[in-house]
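Open the model in your viewer and keep the selection panel at hand. Each stop below gives something to select and says what is there.

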Amino acid sequence: MNPTHSRHTRLAHSLSAVGLLAAAALAPVQAAPKAASAPVEALLYSTMPSTAAHRLQMAMDGDANTYFQTVYGMGDGDDFLMLLSRAVPVQSLHIVSGTPEGDDLLANAIVETSVDGVTFTKAASFDAAGVADASMKGAPVAFVKIRLKPNSSVSSLALREVTLTSPEAVTHVAEGPGRGFYDISAAPDLAAWAKKAEMQMEDFWPDTDALLYSDKFIPPNMVNVVYETGPNVTGVAATGGGVMTVNSAWAHAHADDTGLTVHETAHVIQAFSAYNPVWLVEGIADYIRWIRFEPQNFTYRIDPQKSTYHDAYRTTAAFLAYCELHYDSELVTKLNKAVRYGKYDNSMFKTYCGKDVDTLWSEFVAAYVADPKGVLMPPMAAADRPRTLPAVTVGSSKPVSLTSVFGSTGIYADGKAPGTGGVDGEGSAYSAAFLSGPKIYKDVQFQLGPAGGPDLVSCTGQVIPVNAGPASSLWLMATAVEGNQMGQTLTVTYTDGTTDTLSQNFSDWFQPRNFPGETRAVRMPYRLLADGSKDPRTFYVYGYGFALPPAKTVKSVTLPSNPNVKLLAMSLAN
Ligand SMILES: [Zn+2]
């Protein structure tokens, strides 16, 4: 979380003293030895980013004309790692560095191998031609690492071909999934913390890759995680030059803060050549951690008077999340990409969100003050908002005639065969044993159509004239077929020419969902099938109630435009 870290600023403390830091405690790849006959797969890793034109597997594709090349220089903490799915006896390693033009030949670099990922042994040095040849005499190898000698650098790591000669050939080469290889040699009692952090980093690495995606840019897929403390070590954590340093004293004191490595992994994947602007880079990294990875643990640190969008960390993270929620769901990806290519400026908020950054910030603060807990919740669809059913005075309700709009028959007397009609148009129908004539529900009187029909409205936007005088609530008996029908709208037109839009989710007649404004008006122990037989499951007609504005008189009601919403009765009440 240290704002000074940058890939150009190699960490101040001496990594060379650690030597090859990963030598101390790389977690072994395989939990259990595999059968010797299992195919051998190689996963390739780099602490340095590359491009689509020079991906990792081009270092091991048998073609010296294609090659892996990093987009930044290689330094002390960086390495290239090949991880085999199991140890195999190796006769020799032959590694050719540099581009086909002969640039970026490795000279001050070595090749190391390991069986367990803990103890690495030097196998060869690169010669002046940028070639390393190691005679292994059949020694078992599971890890091959290329790193620079201390205090060296090269302007890019270019690997034309890595050739491993073994009686057990490598059959598959792939880029490794993102991984932090940790070293707790200086803080062995942090094993559980480091293991948990490693798993969280691995879990969320692909998500972060996707969120911070930029065309053709291939982020690093590994970082060396060092746990140490002391006066020269960053206070919490810092990332740069292939190394994530976690202050082991901080980790000791903050058992639940393993998510900080997810923030640092965002920096690994950002792989920016400069943190410009720092507030946005840190805001994005905290957005990855707090908004995407562990929102359940997120707490605001916003002072409505003093905070600004460029406060970095959590405040910027929350602001970015607010802008994504209301304006551009890919804002973070776009801003991150702009920072990568040095093109960010504040006008991008206007470009992507349609409002300048100060206006957006004021809006966010107002929303935060109004609802500190809900400010980052997705806006709720009108039909999803909880509501209570209107109260009704007994005897005040007036059924609305649907005779002019009944279009089919949904209610049959038992023993009659609905044939091809019914509620769902496939012959399934309500039984008149439960639905007939006047029906009282919640003190509202409904008038159902006659069994044998017509008694059912398939909603297609029909306009129902209403002549019932002033009313304070509108009531429906209805259902949905073919699943729940969400976010349906009815339009109420008043005699004064004004209108209201009512939103409602309708449950399927077989599966009540208790949507806001919906209750089970009539529960039926069976329905009728096309041939007149009974389907002995429970089916429903639902009741829906809507409050209407006082002192207005309804002139008409326009039904939803969705034939899977089936209306049986309508009433107004006071
Ligand atoms: Zn940071």
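**Stop 1: a residue between buried and exposed**

Select Asp443, which counts as partly exposed because 14 C-beta neighbours lie inside 10 Å. A residue is called buried if 20 or more other C-beta atoms lie within 10 Å of its own, exposed if 12 or fewer, and partly exposed in between, with C-beta atoms placed from the backbone. Asp443 has a positive phi of about 65° although it is not a glycine. Most residues other than glycine have a negative phi, and most peptide bonds are trans. Asp443 is found in the loop between β18 (438-441) and β19. Helices (H or I, at least four residues) and strands (E, at least two) are DSSP runs, numbered from the N terminus.

Before going on, note that residues are numbered from 1 along each chain as its sequence is written. This is a predicted model, in which local features need pLDDT of at least 70 and side-chain atom pairs count only at pLDDT 80 or more, while totals for chains, interfaces and linings use all residues.

**Stop 2: colour by confidence**

Colour the chain by pLDDT, the predictor's confidence in each residue, from 0 to 100. The protein averages a pLDDT of 91, and 94% of the residues score at least 70. Now select residues 1-32, where pLDDT stays under 50. For this stretch the model has 78 contacts beyond four places in sequence; two residues are in contact if their C-beta atoms, placed from the backbone, lie within 7 Å. Where pLDDT is low, the predicted coordinates should not be read in detail.

**Stop 3**

**Stop 4: the cores**

Select Leu93, Val111, Leu159, Ile284 and Tyr287. Of the 100 residues in the largest nonpolar core, these five, Leu93, Val111, Leu159, Ile284 and Tyr287, touch the most other members. A nonpolar core is a set of buried Ala, Val, Leu, Ile, Met, Phe, Trp, Tyr and Cys residues joined through C-beta atoms within 7 Å. Strand β4 (residues 80-97) gives the largest share of this core, 10 residues. At least three core residues come from each of domain 1 (19-176) and domain 2 (182-370).

Stay on Leu159: leaving aside neighbours within four places in sequence, its contacts include Tyr67, Phe80 and Ile95. A second, separate core of 49 residues includes Tyr430, Cys459, Phe506 and Ala569.

**Stop 5: a helix and the loops after it**

Select helix α4 (residues 260-270). Is this helix mostly covered or mostly exposed? Helix α4 is mostly covered, with 11 of its 11 residues buried; among them are His263, Glu264 and Gln270. Ala271 follows α4, and the phi of Ala271 is positive, near 45°.

Move along to Pro277, in the loop between α4 and α5 (278-293). The peptide bond from Asn276 to Pro277 is cis, with omega near -5°. Next select Ala312, in the loop between α5 and α6 (313-326). Ala312 has a positive phi of about 70° although it is not a glycine. Ala312 is buried, because 21 other C-beta atoms lie within 10 Å.

**Stop 6**

Select Gly453 and Pro454, which are joined by a cis peptide bond with omega of about 0°. Pro454 is found in the loop between β19 (444-447) and β20 (457-460).

Two strands pair if DSSP finds at least two bridges between them. Which residue in β29 is the bridge partner of Ile464? The partner is Val557. Strand β23 (residues 485-494) also pairs with β29 in the antiparallel sense, over four bridges, and Thr493 stands opposite Ser556 in β29.

Conventions:
Domains from an automatic or database assignment.
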